[in-house]
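Please look at the sequence and the 3D structure shown here, and then read on for an account of the ligand, its surroundings and a few details of the chain.

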Amino acid sequence: MQKSIKLLSILVLAVLLIPACYYDVEEELYPTNNCDLESVTYTDVILPILEENCFVCHNAAAPQGGVQLEGYSSLKIYVDSGQLLGAIKHESGFSPMPQGQPQLDECTISKFQTWIDEGAMNN
Ligand code: HEC
């Protein structure tokens, strides 16, 4: 009798703890689980980020600081020079971008990094 109650309470406790443990583990395994770095292309991923955060100042018509990022070949110049990553990562020696605004979130920066690591293709 005593033994079966003990067994039962262990069982109940285990059942109660499993979801909690599962949640913890998942959090640890996938800290950036909302960051999709699967197919980071220029057209579908990079361009919309630039449109939203950068073209207001770096458009072809009136590029601020002479930095023109509109169009793949214009952007590629700043990719190859390292200025693009330096600026968005706020590395020393570069002007932090986007100017006058908070730094882009970690996932967005990772998308630039991934695209560049994969060859910064016009895809
Ligand atoms: C409010 C206007 C503004 C916005 C928004 C902005 N920039 Fe700039 N950016 C500038 C100005 C002005 C300069 C040139 C002066 C300077 O370097 O501070 C510049 C310079 C740069 C440079 C050259 C930096 C260097 O140190 O060589 C890069 C690369 C750049 N911007 C990329 C970006 C990217 C990418 C974004 C979007 C994530 C962005 N900028 C958003 C105004 C802006």
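A polar contact is a pair of N or O atoms within 3.5 Å; within protein, one must be able to donate a hydrogen and the other to accept it, and residues adjacent in sequence count only if both atoms are side-chain atoms. The side chain of Gln68 makes such a contact with the side chain of Ser74, at 3.2 Å, and the side chain of Gln68 also reaches the backbone nitrogen of Glu70 at 2.6 Å.

This is a predicted model, in which local features need pLDDT of at least 70 and side-chain atom pairs count only at pLDDT 80 or more, while totals for chains, interfaces and linings use all residues. Residues are numbered from 1 along each chain as its sequence is written, and side-chain values use heavy atoms, with hydrogens and water left out.

Around the ligand there are 20 residues, and those that come nearest are Cys54, Cys57, His58, Ser95 and Met97; a residue counts as near if one of its heavy atoms lies within 4 Å of the molecule. This shell divides into 12 nonpolar residues, eight polar ones and no charged ones, where Ala, Val, Leu, Ile, Met, Phe, Trp, Tyr, Cys and Pro count as nonpolar, Asp, Glu, Lys and Arg as charged, and the others, Gly among them, as polar.

| Residue | Ligand atom | Distance |
|---|---|---|
| His58 | nitrogen | 2.7 Å |
| Gln83 | oxygen | 2.7 Å |
| Ser95 | oxygen | 2.6 Å |

Two or more residues of the shell come from each of helix H3 (55-58) and helix H5 (83-88), and H5 gives the most, with four residues. Helices here are DSSP runs (H or I, at least four residues), numbered from the N terminus.

Which protein atoms are donors of the iron atom of the ligand? They are NE2 of His58 and SD of Met97, which lie 1.9 to 2.2 Å from the iron; donors are N, O and S atoms within 2.8 Å of the metal (3.2 Å for Na, K and Ca). Because His58 lies in helix H3 and Met97 in the loop between H5 and helix H6 (106-117), the pair ties together parts that are 39 residues apart in sequence. The site of the iron atom is octahedral, with angles of 86 to 178° among its six donor atoms; six donors count as octahedral if opposite donors are over 155 degrees apart and all others between 65 and 115.

Met97 is also joined to Pro98 by a cis peptide bond, with omega about -5°.

Terms used:
Four donors count as tetrahedral if all angles lie between 85 and 135 degrees; four count as square planar and six as octahedral if opposite donors are over 155 degrees apart and all others between 65 and 115; anything else is irregular.
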